[in-house]
Structure formats: C-alpha cells, structure tokens
Amino acid sequence: QLALFIYICYNTIKKNMIIVTGSKGFIGQHFVKYIEKCYNDPRPETYKYNSNVMGIDEDNCWDFLENYDMWDSVELIIHQGAISSTTETDVDKLHKMNVKFTIELFKKAIYWLVPIKFASSASVYGHLNKENLVNPLNYYAITKLQTDYWIKDHMDEFNSYIQAHRMFETEHPSIQSFRYFNVYGDGEDHKGDQASPVSKFTKQIKETGVLKLFKGSDRFLRDFICVDDVVDIVLNNDKPSGIYDLGTSNPTSFQEVGELVAEKYNGTIEYIPFPKHLECKYQEYTCAKKEWGDYKFTTIKEYLQL
C-alpha cells in the first residue's frame, strides 16, 4: 500500500518542463524550435512534447543545477551544450564544461528520475576503422569519450533506480548518448570555421563565386547527417538506454559535397594544398554503425533542393 501511495503521489506532480542545454547553439536551436512547434500544435500526435521548453547555456548552467525548486517540473533533459571546437587547447576549460558539468547534470537526472539525451560525438573514433575503435585525435573528442565512459559505468544505476521508483510503468525513461557524425543544416552562420562543409562551401560560393577545396578531397569521406534528422531521431526513437552512433551510414566525399554546392549556386572549384596543421589530426573517413533500421535520411542533394 505504501509503494502504491508513493507512486500515485509522484505521478500527480505535473512535470511539464523540457530542458535544452546549449539552446543558443546550432543543434540546440533546432531542438527548441521543434519542441515549441509541438507545444503550439493541438494535434494528438504532438502531445509527447506538449511541454514548456527552457534553454540552458554557459551563463546559467551551474545555477540551474542548484535550483531545486525547478527540478520537480523537469520531464526531459536534452543535453547539447558543450565547448565544441575541435581546435580548443585549454584543457581545464574543456574539462569544466564538457566533463564536470555534464557528469553533475547526469547525477541530477538520475536522482530526480529524469530521462536525458546527450550529444556525444563521432570524433571519439578518430581515424575510424571497420571495428569502430575509439581513438580521439583532439582534446574535445577526449572529453566526449570521458563522458561516454561515465555514462556507460552508471547506466545500470539509472535503469535500476527508474525501475525501483516507477515499478508500475511499462515503459521506462532512458539515458541515451548519441555520437553525432557530421551534422549540417540551417543556422550554422555563427560557427565560423567550425561550420559543416555544406555551410562553409555555400558561404564561400555565395560571397566569391569560388569554392576552395583541399587537394585530394575525393579521398576524404564523411557521414553527413542533416540536423532535422538528428532532432527527429533523438526525440522520437524507442531504443533503451545506451550509446548510439547517429549518422546515415552512407559517407560522402568532400569532393562530391563541393560539386553539389557548386552546381546549386553556379560556382567554380579551386584546389588548394592540404594545410600542414591538420596533418594527422583530420578524420579521413567516418561512417556510423547502422542503428536506425529503414529510417529515410535527408541526402545533401535533397537538402540543397537539386
């Protein structure tokens, strides 16, 4: 009787807040727009995300962790916030935000029984091989791998805690980490040199009519995934707790991307030498494991409306 009483009381609490960290960033903005669209859409199929959304960024993230009055209303955390520059060398800065804050956020999620979806990165694979062995090539990738290891070590704790406190539910919330591959889409302008090739190539051609492409770009293949597909899969998948690759599993060369963008905007391609500072620091090939069945991913050609 006591267990049933606790269960009923717990579920009478209105949990109607979705937290998006990194809400001002490229991918975070797309999550916010998706949830806000659902919130204003009366159709039954959007009820799953018929909630208020609150953005958390670097300037208020630590205060949020200590705001006990708010945690009662949180039903989902979408953790996109991070220092994402692959050329950042301030290890303390990277560790504080990408590792320390993330672990504290996960601890809160476990304590408050809040499902959480985390943006990891395919950069943990480094020079990706067929065995998908981890081999991070920069400090950013190392911080993502550190966090994934922590998540893996505590996933059973989260699942057990959920089951113990929600013993009458048939579906249990999950703790999921998604290793994003090469995400592209609208809204990358502020990212500068960290923007996807699709966006950088488009910007170059629009401004100058010329796309500068590294020599040998036909040998560099990446698994490019549209940001809209990322949002859709992260929010609407029914997989259990776990660490998942999030890519199309269909790599495209930089050469092909450049040719598509040049065709779209009637530009020309100029080949330049491969920069010395990127040697041995550049992923030559990325390809996600096939995790998403027959999901129809947006192709670059479709995105460019060619």
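Let's start with a charge and a ring: the charged end of K239 sits over the ring of W292, 5.1 Å from its centre. "Over a ring" here means that NZ of Lys or CZ of Arg is within 6 Å of the ring centre and within 35 degrees of the ring normal. R219 does this too, with its charged end over the ring of F220, 5.8 Å from the centre.

Before going on, some ground rules. This is a predicted model, where local features need pLDDT of at least 70 and side-chain atom pairs count only at pLDDT 80 or more, while totals for chains, interfaces and linings use all residues. Residues are numbered from 1 along each chain as its sequence is written, and side-chain values use heavy atoms, with hydrogens and water left out.

The structure holds 14 aromatic pairs. Rings of Phe, Tyr and Trp (its six-membered ring) pair if their centres lie within 6.5 Å; planes under 30 degrees apart are stacked, over 60 edge-to-face, and the rest tilted. Here are two of the pairs:

| Pair | Centre to centre | Angle between planes | Type |
|---|---|---|---|
| Y111 and W112 | 5.6 Å | 80 degrees | edge-to-face |
| F220 and F274 | 5.4 Å | 20 degrees | stacked |

How open are these residues? Buried means under 20% relative accessible area, exposed over 50%, and partly exposed in between (1.4 Å probe, protein chains only). Y111, at 55%, is exposed, whereas W112, at 17%, is buried. In the other pair, F220 is buried at 7% and F274 is partly exposed at 22%.

Helices (H or I, at least four residues) and strands (E, at least two) are DSSP runs, numbered from the N terminus. F220 lies in the loop between β7 (210-214) and β8 (221-222), and F274 in the loop between β12 (268-272) and α10 (300-303), so their pair ties together parts that are 54 residues apart in sequence.

Take a closer look at I77. Contact means heavy atoms within 4.5 Å, and, leaving aside neighbours within four places in sequence, I77 is in contact with I19, W71, L105, A109, V114, P115, I116 and K117.

Next up is S123, in the loop between β4 (116-121) and α6 (139-165). S123 is buried, at 10% relative accessible area. Beyond neighbours within four places in sequence, its contacts are P136, L137, Y140, A141 and Q283.

Y285 sits in another loop, the one between β12 and α10, and is partly exposed at 38%. Y285 and D223 are 62 residues apart in sequence, but 8.0 Å apart in space, C-alpha to C-alpha.

Finally, how many residues of helix α8 (residues 227-236) are buried? Seven of its 10, so the helix is mostly covered. The buried ones are V227, D229, V230, V231, I233, V234 and L235.
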